[in-house]
Amino acid sequence: MALSFQERPTSAAVPPGEAPEPSIGDLVSEIGQDLSRLVRDEIELAKAEVKQESVKAGKAAGMLGGAGYAAHVVALLGSLTVVFALGNVMNLAWAALIVTVLWAVVGGVLYSAGRKRLRTVNLKPEHTVETLKEDAKWARHPTS
């Protein structure tokens with residue numbers, strides 16, 4: 001006995017006001033999109049952090065370059081300045097040593113300041129690592 005059109009069972013009717021439950025395929029697709037978006041966001045955060053730390057490293061390297069320049073000035077101009085400026089006051093060798101020591105102090109101060117700043121540079125993207133840990137924790141326990 002064949003069922004007429006009106007007697008055939010239909011798919012489960014959704015009560016008015018309620019949305020149908022998404023299929024497994026829709027859920028998997030949504031999870032994939034969310035995961036993709038999360039990875040892109042984490043990569044952007046890591047890039048921003050590395051760029052920020054690179055700027056700090058560049059400034060510290062510039063200070064170390066300044067220390068190198070001061071050392072170069074010590075070698076070239078220190079001796080000449082003493083020879084011509086203090087040649088009439090004392091022995092030329094002692095005068096050259098005094099000016100060289102002054103430039104060495106300047107170079108030492110620049111070196112120590114640059115080294116101190118370089119120690120504050122952290123190329124590890126701390127915020128990214130922290131959010132990745134939080135994401136992993138949530139992935140293990142999504143309801144908590």
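Modeller: In helix 2, A95, A96, V99, G107 and G114 are buried, meaning under 20% relative accessible area with a 1.4 Å probe on protein chains only, where over 50% is exposed and in between is partly exposed. Helices are DSSP runs of H or I, at least four residues, numbered from the N terminus. This is a predicted model, with pLDDT of at least 70 needed for local features and 80 or more for side-chain atom pairs, while totals for chains, interfaces and linings use all residues. Residues count from 1 along each chain as its sequence is written, and side-chain values use heavy atoms, without hydrogens or water.

Colleague: How many residues does helix 2 have, and what does it reach end to end?

Modeller: Helix 2 runs over residues 92-119, 28 residues. First C-alpha to last is 41 Å, close to the 40 Å expected at 1.5 Å a residue. That expected span is 1.5 Å times one less than the number of residues.

Colleague: Switching to H72. Where does it lie?

Modeller: H72 is in helix 1.

Colleague: Why does H72 count as partly exposed?

Modeller: Because its relative accessibility is 44%.

Colleague: And how far apart are H72 and W103?

Modeller: 9.4 Å in space, C-alpha to C-alpha, and 31 residues in sequence.

Colleague: What lines the largest pocket?

Modeller: I31, D34, L35, L38, D135, W138 and A139. Helix 1 (24-85) and helix 3 (126-140) each give two or more of the lining residues. Helix 1 gives the most, with four.

How values were computed. On a 1 Å grid over the protein atoms alone, a cavity is a set of points where a 1.4 Å probe fits but cannot get out, and a pocket is an open set with protein on both sides within 12 Å along at least five of seven lines; lining residues have an atom within 4 Å of a point.
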